[in-house]
2 protein chains.
Amino acid sequence: MKQELILTQTGLKKTKPRLSVLKILKSANKPLTAEEIYLECQKYEKAINLSTVYRTLDIFLEKGIVIKPFIKNDTTSCFTLNHHEHKHYLICSKCKKMVEIDFCPFNGFEKKIESETKYTITNHKLEMFGICPNCKK
Amino acid sequence: MKQELILTQTGLKKTKPRLSVLKILKSANKPLTAEEIYLECQKYEKAINLSTVYRTLDIFLEKGIVIKPFIKNDTTSCFTLNHHEHKHYLICSKCKKMVEIDFCPFNGFEKKIESETKYTITNHKLEMFGICPNCKK
DNA sequence: ATGCAAATGCAAATTATTTGCATTTAATTA
DNA sequence: TAATTAAATGCAAATAATTTGCATTTGCAT
C-alpha cells in the first residue's frame with residue numbers, strides 16, 4: 001500500500017518522521033529496532049528524534065501498521081510492517097541470524113486446545129532457537 | 001530435588017541468598033520476576049540485595065536450574081525452576097490467567113524445519129493468547 | 001584454623017524506553 | 001490563502017529493569 005494512504009486511512013497526520021519510518025521499514029528486509037530505524041534515518045534526511053521514533057512505533061503498533069515479531073537478546077523490541085501474514089522465526093543462538101518459517105506448525109491444533117481449555121484462542125507466538133549451518137562449522 | 005544438592009551438583013557454593021531464591025521459586029506456583037523474588041525474600045529472612053537476585057538468576061539460568069518460560073513482550077523477565085518438562089502457556093488477554101498446555105504441537109515439525117533450514121533446533125517457545133471462559137461471560 | 005577464590009552488598013552506570021513541556025506543523029475552516 | 005488549533009515533534013530529564021566496579025564477606029578446601 002502507498003505509504004501516504006497508510007497514514008490517512010488510519011487517521012494519522014502525514015508527517016515527515018512517520019513517512020521516514022514507513023519508508024525505512026518498507027525497504028528493510030528484516031525487523032528493526034527503534035535505534036536502528038533512528039540511525040538509518042539519519043543517513044538520508046534530516047534526523048528525527050529517537051523519542052519520535054518510539055512514539056511513532058507505538059502508535060503504528062496500536063493501529064496495526066507494524067508488529068513486534070520478536071524481542072532481540074531479550075531486551076530490545078523489533079518491528080516490521082504488518083503484512084498480515086503469519087510468520088515465525090528460527091534464530092541462531094550464536095550469531096543471531098534468523099530465518100523466516102512460512103508454514104505454521106500450530107495450524108490444526110487450535111481447535112484441540114480450545115476444546116480442552118475452553119479458552120478462545122486469538123493468537124500465538126512461536127519462537128525457535130538453534131544453531132545455523134554456518135555456526136555449526 | 002533437595003535444594004542443597006542442586007547447588008553442590010552444579011558446582012555452586014551453597015550460600016544463603018541462593019538457598020532463599022531456590023526456596024522461593026519452589027514454593028511459588030507461578031513464574032516470578034527478580035523483583036518479586038527480592039520482595040518475597042524480605043518477608044522471611046534477612047533481605048538479600050536485588051543485584052544478588054539478578055546474579056543468582058543469571059547463574060541459575062546458565063546452569064539450567066531455572067528457565068525463562070515466556071516469550072517476552074513486555075520488559076520484565078520471569079523465572080521458574082526448570083522441571084525439565086516441556087510446557088507451553090495459554091494466557092488470557094483480559095485477566096492474564098494462564099493455563100499450562102501439556103502436549104506440544106511442535107513435535108514432529110522439528111525435523112521438517114531442520115531439513116528446510118539446515119539449522120539444528122535446540123529449543124522453542126510457544127505462547128498462545130486468548131480469552132478465558134470466565135472473561136467470555 | 002587459615003587462605004583464597006567465589007559471592008555479596010552497595011552505589012553508580014547502563015540500556016531501552018517514556019514523559020513533560022515548550023515549540024512546530026499538518027490539516028481544517030473562515 | 002491566512003488563521004486556527006489539535007496533534008506531533010524535539011529536547012532534556014525521568015524511569016524501569018538490569019548490570020557493573022569495587023571493597024568486604026563468606027564458603028570450602030587444605
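# Chain A overall and His88(B) in its setting

Of the 137 residues in chain A, 39% are buried (under 20% relative accessible area with a 1.4 Å probe, protein chains only; exposed is over 50% and partly exposed in between). This is a predicted model, in which local features need pLDDT of at least 70 and side-chain atom pairs count only at pLDDT 80 or more, while totals for chains, interfaces and linings use all residues. Residues are numbered from 1 along each chain as its sequence is written, chains are lettered from A in the order in which they are written, and side-chain values use heavy atoms, without hydrogens and water.

**Chain A**

- Six helices and seven strands make up the chain A count (DSSP runs: H or I of at least four residues for helices, E of at least two for strands, numbered from the N terminus).
- The order along the sequence of chain A is α-α-β-α-α-β-β-β-β-β-α-β-α.
- The C-alpha trace of chain A spans about 50 × 45 × 25 Å along its principal axes.

**His88(B)**

- His88(B) belongs to strand β4 of chain B, residues 88-92.
- His88(B) counts as buried because its relative accessibility is 2%.
- The side chains of His88(B) and His86(B) are joined by a polar contact of 3.1 Å (a pair of N or O atoms within 3.5 Å; within protein, one must be able to donate a hydrogen and the other to accept it, and residues adjacent in sequence count only if both atoms are side-chain atoms).
- At 3.2 Å, the His88(B) side chain reaches the backbone oxygen of Leu126(B).
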